[in-house]
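Subject: Structure handover

Hello,

Here is the structure I promised to pass on. Please open it first, then read my notes below.

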Amino acid sequence: MFIKTYGCQMNVYDSERMAEALAGIGFAPVDAPDGADMVILNTCHIREKAAEKVYSELGRLRQLKQDKADAGGRMIVAVAGCVAQAEGEEIQRRAPMVDMVFGPQTYHRLPEMVARAERAAGVKLIDTDFPAEDKFDHLPSARGAKGVAAFLTVQEGCDKFCTFCVVPYTRGAEASRPVAAVLAEARALAAAGVREVTLLGQNVNAYHGDGPDGREWGLGRLARALAEIDGIARIRYTTSHPRDLDDDLIAAHRDVPELMPYLHLPVQSGSDRILDAMNRKHTADDYRRLVDRLRAARPDIALTSDFIVGFPGESDRDFADTLKLVGEIGYAGAFSFKYSPRPGTPAALSESQVPEAVKDERLAGLQQLLEAQQDAFNRATVGRALPVLIEKAGRKPGQLVGRSPYLQPVHLDGADLAADTPIGTLVECRIDELRRYSLFATPLAARQERRNVA
Ligand code: SAM
Ligand code: SF4
């Protein structure tokens, strides 16, 4: 089986779950689609031209499927994810060689769907329903974790209906997984060697899972409970909406050292007029105040964001407000996009679409500023003492690679170090140097140990 993943971390996570479900019925992963028994394109509908990319990939797969048939075999081709959800019928029409189309809510039915597709060659399956039952029930509870860092879905869907976004239509209504299920999965991950969990959800800080005490727990309370699990050293969560960052979550950033001081908090625009038209339900000043409160609670917190330029009706002045906000906040990194109309969303119907050339120019200006800020942030970590979570061996003998609290890759050199520093160890380091996007560091503890011996 070959699974190609497009888009967000949620899709990476979903692909892992699909691979697990298929492993249960005998499919083993392969590195390329050529000759595979099953190829799944796990698609994303957010980015521009996403659907077109899927169609061109399907064009390439058609030949591979034919080759396999000529050799007497059968390749099942499936399209999953948000493009499948949004364009199920259209995919079947434009790419009739596709055997299965299924949306993000139906992955637990995958083994059954494959069995049906295998039995009924030529019969097409479309499954893009939003089921009424609890979709989280079908996630395997104890899964084989492969590394030091793992994703953990706690929430799915979104009720915010930002006027540019397809997520509420493709992923359905907001739903939270019960606390007990999240904690059980986190314990299983920790037992398998995971030290860092990233809690996932389209609107993750809207989390409101049923707690063991009969009350609803927010994300702050969940983070406190996760931090108690033996082995869990780091907790992250993504993606947050500014409106749902409540007092308890801010307090958790102050009180829970395991909660990393690195937060993706998308603002999209710095103009109140545009924020209103986007239905973000907050102003630029609300966001500024929120950032002040976060920084008061956790002074070393670094922020990242998403931005959209060229939203319908965006004037030069609106765009200048975005640059102003970016200048004031100072980001450690950000994603920025040109507005791209998504069929079925209100903003796509607006008659005030911004010309492509203007979007291009604004995107270039914004990215220049954001890149300069990211570079300044990375440079400012040089000389600091930071904990590094060791994730793997580096390319050079004796080298180890880990991540800082800010997700920056950090390289540590020294053969003696690799021998007595297992993967998954947290090492206090001094950051010595920045080369391109990687930091190079010296472990402080190891230096101290050597000094003690001398
Ligand atoms: N839930 C998150 C939030 O509210 O910020 C974001 C989820 S969305 C999957 C990721 C990002 O894609 C958004 O923050 C936005 O910047 C971008 N995006 C979504 N729809 C877009 C569109 N129609 N055009 C351009 N960018 C878009
Ligand atoms: Fe989309 Fe995020 Fe807005 Fe929900 S909150 S509609 S996922 S952009």
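A residue counts as buried under 20% relative accessible area, as exposed over 50%, and as partly exposed in between (1.4 Å probe, protein chains only). By that rule Pro-266 is buried, with a relative accessible area of 2%.

Some ground rules. This is a predicted model, where local features need pLDDT of at least 70 and side-chain atom pairs count only at pLDDT 80 or more, while totals for chains, interfaces and linings use all residues. Residues are numbered from 1 along each chain as its sequence is written, chains are lettered from A and ligands numbered from 1 in the order in which they are written, and side-chain values use heavy atoms, with hydrogens and water left out.

**The chain**

The chain has 14 helices and 20 strands. These are DSSP runs, numbered from the N terminus: helices are H or I with at least four residues, strands E with at least two. Of the 454 residues, 53% count as buried. The chain exposes about 20300 Å², and carbon and sulfur atoms supply 51% of that. Areas come from the Shrake-Rupley method with a 1.4 Å probe; for residues, only the protein chains shown count as cover.

Contact means heavy atoms within 4.5 Å. Among contacts with a separation of 6 or more, 72% are between residues 24 or more positions apart.

**The cores**

A nonpolar core is a set of buried Ala, Val, Leu, Ile, Met, Phe, Trp, Tyr and Cys residues joined through side-chain atoms within 4.5 Å. The largest has 51 residues, and Leu-199 and Leu-222 have the most contacts inside it. Another core, of 22 residues, lies apart from it; Leu-41 and Val-83 are among its members.

**Ligand 1**

Near means that a heavy atom of the residue lies within 4 Å of the molecule or strand. Of the 15 residues around ligand 1, the nearest are Gln-202, Gln-268, Arg-280, Asp-306 and Ser-340. The shell divides into six nonpolar, five polar and four charged residues. Here Ala, Val, Leu, Ile, Met, Phe, Trp, Tyr, Cys and Pro count as nonpolar, Asp, Glu, Lys and Arg as charged, and the others, Gly among them, as polar.

Which side chain has an N or O atom 2.7 Å from an oxygen atom of ligand 1? That is Gln-268. For Arg-280, the side-chain distance to a ligand oxygen is 3.0 Å. A ligand nitrogen is also 3.0 Å from a polar backbone atom of Phe-164. Taken alone, ligand 1 exposes 560 Å², and the protein buries 90% of that.

Asp-306 is in strand β14. It is buried, at 15% relative accessible area. Its side chain makes a polar contact with that of His-264 (3.0 Å). A polar contact is a pair of N or O atoms within 3.5 Å; within protein, one must be able to donate a hydrogen and the other to accept it, and residues adjacent in sequence count only if both atoms are side-chain atoms.

Pro-266 sits in the loop between β13 (262-264) and α9 (272-277). It touches residues including Arg-280, Tyr-287 and Asp-306.

Lys-338 is in strand β15. A polar contact of 3.2 Å joins its side chain to that of Glu-356.

**Ligand 2**

The residues around ligand 2 include Cys-158, Cys-162, Cys-165, Phe-164 and Arg-280. This shell has seven nonpolar, one polar and two charged residues.

Best wishes

Definitions and conventions. Lists of a residue's contacts leave out its neighbours within four places in sequence.
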